[in-house]
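Hi,

Here is the structure I said I would pass on.

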Amino acid sequence: MDWEEFLTPYKQAVDELKVKLKGMRTQFEKEHTHCPIEFVTGRVKPVASIIEKANIKGIPLDRLEAEMQDIAGLRMMCQFVDDIKLVVGLLRRRNDFRIVEEKDYISNKKPSGYRSYHVIIEYPVQTIRGEKKILAEIQIRTLAMNFWATIEHSLNYKYKGRFPEEINLRLKRAAEAAFRLDEEMSEIREEIQEAQMYFSKNKERAERK
Ligand code: 0O2
């Protein structure tokens with residue numbers, strides 16, 4: 001398997017999608033309206049992780065393109081839970097890719113405590129041999145959901161999912177705390193947004209002087 005050749009369109013897709021999704025943020029900033037997107041990241045899954053996941057899920061290497069949805073992965077972080085719906089709505093209205101599946105791990109959190117909204121897209125990459133459609137996964141989550149998932153992911157790397165009981169308990173409690181943090185922030189959402197808008201306008205005024 002020539003991994004470099006296989007991953008080239010995925011790298012291109014991640015680069016392009018990062019520009020496009022970050023562009024959404026810039027457009028909100030220009031309008032001085034509340035920006036539902038805090039920041040955007042993207043990555044191509046490392047080869048070792050692709051092989052490991054393929055083994056676990058029993059995906060033959062010649063079926064990766066059709067069956068592994070997150071070789072190209074984008075992440076959009078939001079301040080508030082309600083922003084996630086807004087962002088998903090914006091993604092649904094775009095016509096530069098097709099949504100093939102949506103996974104709502106916010107209404108239905110995973111047994112691990114993981115919460116996030118996943119949108120699987122089919123993205124057309126333009127190559128010198130014509131168009132190639134690839135699958136990509138956009139994860140949309142709040143900063144609190146991201147904090148928890150990042151920590152859990154690194155612990156998972158160390159313990160391979162077999163957490164000692166103490167860590168397991170702490171992770172469950174941390175997931176509940178992240179959920180409550182999101183709820184608390186939603187309660188004072190309007191107050192926070194007014195303050196942020198005031199700050200953003202003043203900053204622009206100061207820069208113009
Ligand atoms: P990495 O290292 O992020 O690339 P499914 O059969 O649909 O249940 P699948 O195909 O794994 O399973 O899709 P799913 O569940 O939507 O998960 C895809 C990605 O979501 C994962 O990629 C993680 O990034 C994230 N994710 C899902 N569950 C968890 C979780 O319990 N904890 C954390 N921290 N992240 C999670 P990878 O390949 O696991 O990892």
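Two bits of housekeeping. Residues are numbered from 1 along each chain as its sequence is written. Bear in mind that this is a predicted model, so local features need pLDDT of at least 70 and side-chain atom pairs count only at pLDDT 80 or more, while totals for chains, interfaces and linings use all residues.

The protein has seven helices and five strands, in the order α-β-α-α-β-α-β-β-β-α-α-α along the sequence. Helices here are DSSP runs of H or I with at least four residues, strands are runs of E with at least two, and both are numbered from the N terminus. Along the principal axes, the C-alpha atoms fill a box of roughly 55 × 50 × 30 Å. Of the 209 residues, 22% are buried (20 or more other C-beta atoms within 10 Å of the residue's own, with C-beta atoms placed from the backbone).

Now the inside. A nonpolar core means buried Ala, Val, Leu, Ile, Met, Phe, Trp, Tyr and Cys residues joined through C-beta atoms within 7 Å. The largest one has 27 residues, and M76, C78, A136 and I140 touch the most other members. Helix 1 (3-31), strand 2 (72-78), helix 4 (81-93), strand 4 (117-127) and strand 5 (130-142) each give two or more residues to this core. Leaving out neighbours within four places in sequence, C78 is in contact (C-beta atoms, placed from the backbone, within 7 Å) with P36, I37, E38, D83, I84, V87, I140 and T142. There is also a second, separate core of six residues, including A144, M145, A149 and A178.

A144, M145, N146, W148 and A149 are buried in helix 5, and their cover includes strand 2, strand 5 and helix 6 (165-187).

Finally, the ligand. It has 13 residues around it, of which S112, Y114, A149, E152 and H153 come nearest (near means a C-beta atom, placed from the backbone, within 6 Å). Helix 5 gives the most to this shell, with three residues, and helix 2 (47-57) supplies at least two.

Cheers

Methods. Buried ≥ 20, exposed ≤ 12 C-beta atoms within 10 Å, placed from the backbone. Contact = placed C-beta atoms within 7 Å.
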